[in-house]
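Start from a single side chain, then widen the view.

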Amino acid sequence: MATGILDYLDKTHGKRKWKPLFEKTFDHVLERFERFGTCEVSLSLVTDEEQRELNRTYRQIDRTTDVLTFAYLEDGDEADRNLPMTDLGTITISPTVARRQAKEFAHPLERELAFLFIHGLLHIFGYDHVKEDEAKVMFELQNSLLNSLEYDFYTNLPRLKKELKKAQENAVATYSHFRVGAVVVTKDGHYIPGFNIENASYPATICAERVALAAAYSRGYRKDDIASLGCLTDSHRVGTCCGVCRQVMAELMPMNAPVYIFSSDLKDQLFTTVKDLLPSAFTMEDLHA
């Protein structure tokens, strides 16, 4: 597999540190394309004025734009696997335009930036969207790459911790006295709580994770609407979800959705994903295999 090297420059002097996001995105795209050797791409975040000048100079379009790509390989060319490193090209992104578009589409700015970077990388690999059939292929691949990227664009961890504390306080732990709080975070910004509800008929007890997921589904949310799930217990150690909850999460949440689990004092934590909690989940597809 390829090793990705990102030559990153933020010419806007922004305070946000986005390089880890772009590095993860670059590696994800290289893995999907099964590239070999070492590949480098240059990425610059530029002002509206510079982006407009580049657009005018190289495309003869006198307006700013979100992303520009300057590929070093011709369409269809393969990187020479004998070279120690392949320079793929240069991508420029205007964070100002990205911010406007993120607001327009009502999703996080980081998601828009990753989307634009993937768009630029696909141009480098020969994809285009001038013709309708080409555009369909490119945009489907672009969305697939973005949706499978293991990066949480939506969860605000400080808020999640506060919501978990509140959820845990409502636990009905009549018999075990072991309180568990869970919160489902949706992509439209809602934090939906759940907590364990125990019963004298012990099998009727419901775990916090399943209560939170049921609450989310009762509001009309479905698998692709869920961004993450958080869990907090009374244990001083980080206790993970039970097997039943893992199976339910595997069916009701995206497999790459982040799961945040905290100790009682919120100092220890486990950040994982649904698929890592249950790597060989029984799914709906297995019913029809």
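His28 is buried, at a relative accessible area of 17%. Buried here means under 20% relative accessible area, exposed means over 50%, and partly exposed is in between (1.4 Å probe, protein chains only). His28 belongs to helix 1. Leaving aside residues up to four places away in sequence, His28 touches Leu145, Ser148 and Leu149. Contact means heavy atoms within 4.5 Å.

A word on the basis. This is a predicted model, in which local features need pLDDT of at least 70 and side-chain atom pairs count only at pLDDT 80 or more, while totals for chains, interfaces and linings use all residues. Residues are numbered from 1 along each chain as its sequence is written, and side-chain values use heavy atoms, with hydrogens and water left out.

Now the helix that carries His28. Two packed helices are described by the angle between their axes and the distance between the axes. Helix 1 (residues 19-32) packs with helix 4 (residues 109-124) at an angle of about 40 degrees, and their axes are 10 Å apart. Axes are lines fitted to C-alpha atoms, for helices over the stretch in contact, and angles run from 0 to 180 degrees between N-to-C directions. Helix 1 and helix 4 are therefore oblique to each other. Angles under 35 degrees count as roughly parallel, over 145 as roughly antiparallel, 65 to 115 as roughly perpendicular, and the rest as oblique.

The crossing of helix 1 and helix 4 is right-handed: the near helix is turned clockwise from the far one by less than a right angle. Helix 1 brings Leu21, Phe22, Thr25, Phe26 and Val29 to the contact, and helix 4 brings Glu110, Leu113, Ala114, Phe117, Ile118 and Leu121. Nine of these residues are nonpolar, one is polar and one is charged. Ala, Val, Leu, Ile, Met, Phe, Trp, Tyr, Cys and Pro count as nonpolar, Asp, Glu, Lys and Arg as charged, and the others, Gly among them, as polar.

Next, the cysteines. Cys39 is buried, at 0% relative accessibility. The chain has zero disulfides, a disulfide being a pair of cysteine sulfur atoms within 2.5 Å. Cys231 is in no disulfide, and its nearest cysteine sulfur, that of Cys241, is 5.0 Å away.

Finally, the whole chain. The protein chain has 10 helices and nine strands; these are DSSP runs numbered from the N terminus, helices (H or I) of at least four residues and strands (E) of at least two. Buried residues make up 44% of its 289 residues.
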